[in-house]
Amino acid sequence: FGWTVTVNGVDIVENGLFGMSATMYQASQGLDLIALGSTGGVQQTFTTVPGLTYFLTFAYADNPFNAQPGAASVVVDDGFSTLLSDNIAH
């Protein structure tokens, strides 16, 4: 679906796997950004048209197997400048 792993690793997990009982946002799978203990990252690149408005959404939840509260950095850029940079934390 156009996603690239940018740092370390990530795991695709399924509800019920390894006793996970978290409810996934829209399906039975989720992306674990702490693959085997190392913080991972993903990115997606897509073509846009100048002057049009785009609505970007995603779902984020804490890792139920990590004892520490999680955080994620969200960055949107146009290839030249940063349009959005924010941290999400629990």
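1. Let me begin at a turn: glycine 79 adopts a positive phi near 95° in the hairpin of strand 7 and strand 8, where 4 residues lie between the strands. Strands here are DSSP runs of E with at least two residues, and helices are runs of H or I with at least four residues, both numbered from the N terminus.

2. A word on the basis. This is a predicted model, in which local features need pLDDT of at least 70 and side-chain atom pairs count only at pLDDT 80 or more, while totals for chains, interfaces and linings use all residues. Residues are numbered from 1 along each chain as its sequence is written, and side-chain values use heavy atoms, with hydrogens and water left out.

3. Strand 8 is hardly covered, with 0 buried residues among its 8. Buried means under 20% relative accessible area, exposed over 50%, and partly exposed in between, using a 1.4 Å probe and protein chains only.

4. What does the overall layout look like? The protein chain has 0 helices and 8 strands, following the pattern β-β-β-β-β-β-β-β along the sequence. Of its 90 residues, 16% count as buried. Among contacts with a separation of 6 or more, 43% come from residues 24 or more positions apart, a contact being heavy atoms within 4.5 Å.

5. Please look at asparagine 8, in the loop between strand 1 (3–7) and strand 2 (11–14). Asparagine 8 counts as exposed because its relative accessibility is 57%. Beyond its neighbours within four places in sequence, asparagine 8 touches Ser38, Thr39 and Gly40. Its C-alpha atom is 9.7 Å from that of valine 42, which is 34 residues away along the chain.

6. Finally, the surface. Trp3, Val5, Ile12, Leu31 and Val42 make a nonpolar patch of about 490 Å². Valine 5 belongs to strand 1 and, at 43% relative accessibility, counts as partly exposed.

Methods: Two strands pair if DSSP finds at least two bridges between them. Patches are made of residues with over 30% relative accessible area and no salt bridge: like charges are joined within 9 Å, nonpolar side chains (Val, Leu, Ile, Met, Phe, Trp, Tyr) within 5 Å. Accessible areas come from the Shrake-Rupley method with a 1.4 Å probe; for residues, only the protein chains shown count as cover. A salt bridge is a side-chain nitrogen of Lys or Arg within 4 Å of a carboxyl oxygen of Asp or Glu.
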